[in-house]
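User: Could you zoom in on one part of this model for me? I'd like a close, connected look at a single helix and what surrounds it.

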Amino acid sequence: MGVKVVVANQKGGTGKTTSTILLSYLLSREGLRVLAVDFDPQACLTISLRAGGPDISKALESLLVEYEEKVNEGEEVDPTKIVDARKYVTSVEFLDGRFDVVPSSRHLGTVERRLNDAIEGERVLSWFLNGLDYDVVLIDTRPSIDALLMNALVAGDYVLIPVDLHTLGLVGFKLLVSVVNRTKNYHNRDLKWLGVLPTRFERCKEMTKNLKILKEKVGDVIKVYDPVPKSVAVERMFHARSVEELTKSVRTAKDVLGAYENVAKDVVKLVGGEKA
């Protein structure tokens, strides 16, 4: 199962879904087999990409129910083989590319409430992903620190944090870093940082100052990528038919794509290392 990247921030509006979609697109253009997992009950990624088909909540519910039944009855069970994860994958088109998606729905919130009390509930997403074969899996998480985020971090290999450099956008960043580190210590020793990606950047005094502060605080431990500029290209990308059309209609689109390409290049290197 290739490289799994968790895109996380407990604050909303930081560009997690946009980052997941654009990275999925760019990595698919590199010839990689890419899967984007919508692990948010708000289902923004699913809705944005018009992804149909059965959603992941149905798969996780089946996993929880059957696994607990068999364990309680004293039966041996391989949780990675309870559901056929391939049935929950759909292919989507975005710009002039194509990649796969596991859709979500509001029902995932109901499943989340059961995970805290379930036997090995923090590993359910890992069991599901074990049944799939991709070069890269990008997991879009909801803006919360909860059982869904824990599942994503336990399943992941790397963490990417999109951040808003307005003052309020950095609130809670330290807490998220602590959660990632605790997950690494107690549940997933292989979990690593991919980096921090400042999004919707404007060259104003406040954001420039906060970017400097961010680099000073975490730059020695976590890579801080060049920021993604604020641009209408982010909204228009869902209506353009190709990247060429997008860059012709929006002057700053190349700058947006360039910032994400920096992240994509690092992921490509990681995939290459996995295949070596």
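User: Which residue just after helix 3 takes a positive phi? And please walk me through the helix itself while you're there.

Analyst: That's Gly74, with a positive phi of about 80 degrees, just after helix 3. Keep in mind that this is a predicted model.

Now the helix itself. Helix 3 runs over residues 56–72, and its 17 residues should span 24 Å at 1.5 Å a residue; the end C-alpha atoms are 24 Å apart, so the two agree. Its buried residues are Ile56, Ser57, Ala59, Leu60, Leu63, Leu64 and Tyr67. They cover an arc of only 160 degrees around the axis, which means they sit on the same side of helix 3.

What does that side pack against? The partners are strand 2 (34–39), strand 4 (97–102), helix 4 (108–115) and helix 5 (124–129).

Strand 4 is worth a stop, as Asp100 is found there. Asp100 is buried but has no salt bridge: Arg98, the nearest side chain of opposite charge, is 6.3 Å away. What the Asp100 side chain does have is a polar contact with the side chain of Tyr134, at 2.6 Å. Beyond four places in sequence, the contacts of Asp100 include Val34, Leu35 and Ala36, along with Val89, Thr90 and Ser91.

Between strand 2 and helix 2 (44–48) lies Ala43, whose phi is near 55 degrees; Ala43 is buried, at 6% relative accessible area. Between helix 4 and helix 5 lies Glu120, with phi near 50 degrees; Glu120 is partly exposed, at 35%.

Notes: Residues are numbered from 1 along each chain as its sequence is written. This is a predicted model: local features need pLDDT of at least 70, side-chain atom pairs count only at pLDDT 80 or more; totals for chains, interfaces and linings use all residues. Side-chain values use heavy atoms; hydrogens and water are left out. Helices (H or I, at least four residues) and strands (E, at least two) are DSSP runs, numbered from the N terminus. The expected span of a helix is 1.5 Å times one less than its number of residues. Buried means under 20% relative accessible area, exposed over 50%, partly exposed in between (1.4 Å probe, protein chains only). The arc is that of the directions from the helix axis to the C-beta atoms. Contact means heavy atoms within 4.5 Å. Lys and Arg count as positive and Asp and Glu as negative; His and the chain ends are not counted. A salt bridge is a side-chain nitrogen of Lys or Arg within 4 Å of a carboxyl oxygen of Asp or Glu. A polar contact is a pair of N or O atoms within 3.5 Å; within protein, one must be able to donate a hydrogen and the other to accept it, and residues adjacent in sequence count only if both atoms are side-chain atoms.
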